[in-house]
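These are my notebook entries on a single protein chain.

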Amino acid sequence: MKEVPAMGVFNADNQFCAFLRGVNVKGTNMKMAEVCSVFKRAGMQNVSSVLASGNILFSSERRAQELKQTLEKAMSDHFSYEAYLFVKSRQEIETIFREIPFETDSRYHIYGFVGVDGVAKMLMSEFDKSKKALGEAAQLVDCNFYWKVPKGNTLDSEFGKILGIKNLKSSFTSRNINTFEKVLKKM
């Protein structure tokens, strides 16, 4: 179990992170300052970004599902693309980070996944059916899916290719565990 970083400058009760899918990959390029301005215009407070991979911190009194719909529409309208994002509270991110089942190992990437309800079980099922690289592993912890893959094999592994299927893009996104730690440190 990982130690959760101490809370930053925001009130944990209304602090969220939106994890955007497919940002700054495969031709979908966005400046995080511009993304933050879209969030502000959509009524979000205390908006900031973590890394260039589309992790946007903000606060709001609204519920996560309402936030998801509002922000996907704002992003789609502004950037003229079909936006997918997944809103998690600080408490949910703490759980994802704390429950990482794999030990850090410099030879591997470890990913946590965020997405729609039920996607973790579907991902585990797909992983179980796929051919594995040496040392590749996955685990379902409560409602969270984690994947450990040898460095250099993320996109080339059979499971990595499954993750790139277009009809799954509205269901989930993944982040390296280091990203979750950075998000928590800034929250």
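Which side chain meets that of Arg-90 in a salt bridge? I looked this up first, keeping in mind that the model is predicted. The partner is Glu-94, and the N to O distance is 2.7 Å. Both residues belong to helix 3, residues 90-98, and because they are four residues apart there, about one helical turn separates them. I then checked accessibility: Arg-90 is buried, and Glu-94 is buried as well.

**Entry: confidence**

I noted the confidence values before going further. The chain has a mean pLDDT of 89, with 90% of its residues at 70 or more. Residues 5-10 fall below 50, and that stretch has 17 contacts in the model beyond its near neighbours in sequence.

**Entry: remaining salt bridges**

I searched the whole structure and found six salt bridges. Side chains of opposite charge can pair when their charged atoms come close.

In helix 2, Lys-73 and Asp-77 are four residues apart, which places about one helical turn between them. Their side chains form a salt bridge with an N to O distance of 2.6 Å. I recorded both Lys-73 and Asp-77 as exposed, whereas Arg-90 and Glu-94 are buried.

In helix 4, residues 119-129, Glu-126 and Lys-129 are three residues apart, again about one helical turn. The closest N and O atoms of this salt bridge are 3.3 Å apart. I found Glu-126 partly exposed at 23% relative accessibility, while Lys-129 is exposed at 59%.

**Entry: cysteines**

How many disulfides does a search of the whole structure find? I found zero. To see why, I took the sulfur of Cys-17 and looked for the closest cysteine sulfur: it belongs to Cys-36 and lies 10 Å away, too far for a bond. The cut-off for a disulfide is 2.5 Å between the sulfur atoms.

**Entry: positive phi**

I listed two residues other than glycine with positive phi. Ser-80 has a phi of about 55 degrees. This residue sits in the loop between helix 2 (64-79) and strand 4 (85-89), and its relative accessible area of 64% makes it exposed. Asp-142 also has a phi near 55 degrees. The loop that holds Asp-142 runs between strand 6 (137-141) and strand 7 (144-150). At 61% relative accessibility, Asp-142 counts as exposed.

**Entry: Ser-59**

Is Ser-59 buried or exposed? I found Ser-59 buried, with a relative accessible area of 4%. Its place is in strand 3, residues 55-59. The side chain of Ser-59 makes a polar contact of 2.8 Å with that of Asn-46. Leaving aside residues up to four places away in sequence, I recorded that Ser-59 touches Asn-14, Gln-15, Met-44, Gln-45 and Asn-46.

**Entry: nonpolar cores**

I next examined the largest nonpolar core, which has 24 residues. The members that touch the most other members are Leu-20, Val-35, Phe-39, Phe-58 and Met-75. Two or more residues come from each of strand 1 (15-20), helix 1 (32-41), strand 3, helix 2 and strand 4. A second, separate core holds 19 residues, including Phe-86, Phe-97, Ile-110 and Leu-184.

**Entry: Lys-88**

My last item was a lysine in strand 4, Lys-88. Its relative accessible area is 16%; since buried means under 20%, Lys-88 falls within that class. Not counting residues up to four places away in sequence, Lys-88 touches Gln-15, Phe-16, Cys-17, Phe-19, Ile-93, Val-114 and Gly-115.

Technical notes:
Residues are numbered from 1 along each chain as its sequence is written. This is a predicted model: local features need pLDDT of at least 70, side-chain atom pairs count only at pLDDT 80 or more; totals for chains, interfaces and linings use all residues. Side-chain values use heavy atoms; hydrogens and water are left out. pLDDT is the predictor's confidence in each residue, from 0 to 100. Contact means heavy atoms within 4.5 Å. Buried means under 20% relative accessible area, exposed over 50%, partly exposed in between (1.4 Å probe, protein chains only). A salt bridge is a side-chain nitrogen of Lys or Arg within 4 Å of a carboxyl oxygen of Asp or Glu. A polar contact is a pair of N or O atoms within 3.5 Å; within protein, one must be able to donate a hydrogen and the other to accept it, and residues adjacent in sequence count only if both atoms are side-chain atoms. A nonpolar core is a set of buried Ala, Val, Leu, Ile, Met, Phe, Trp, Tyr and Cys residues joined through side-chain atoms within 4.5 Å.
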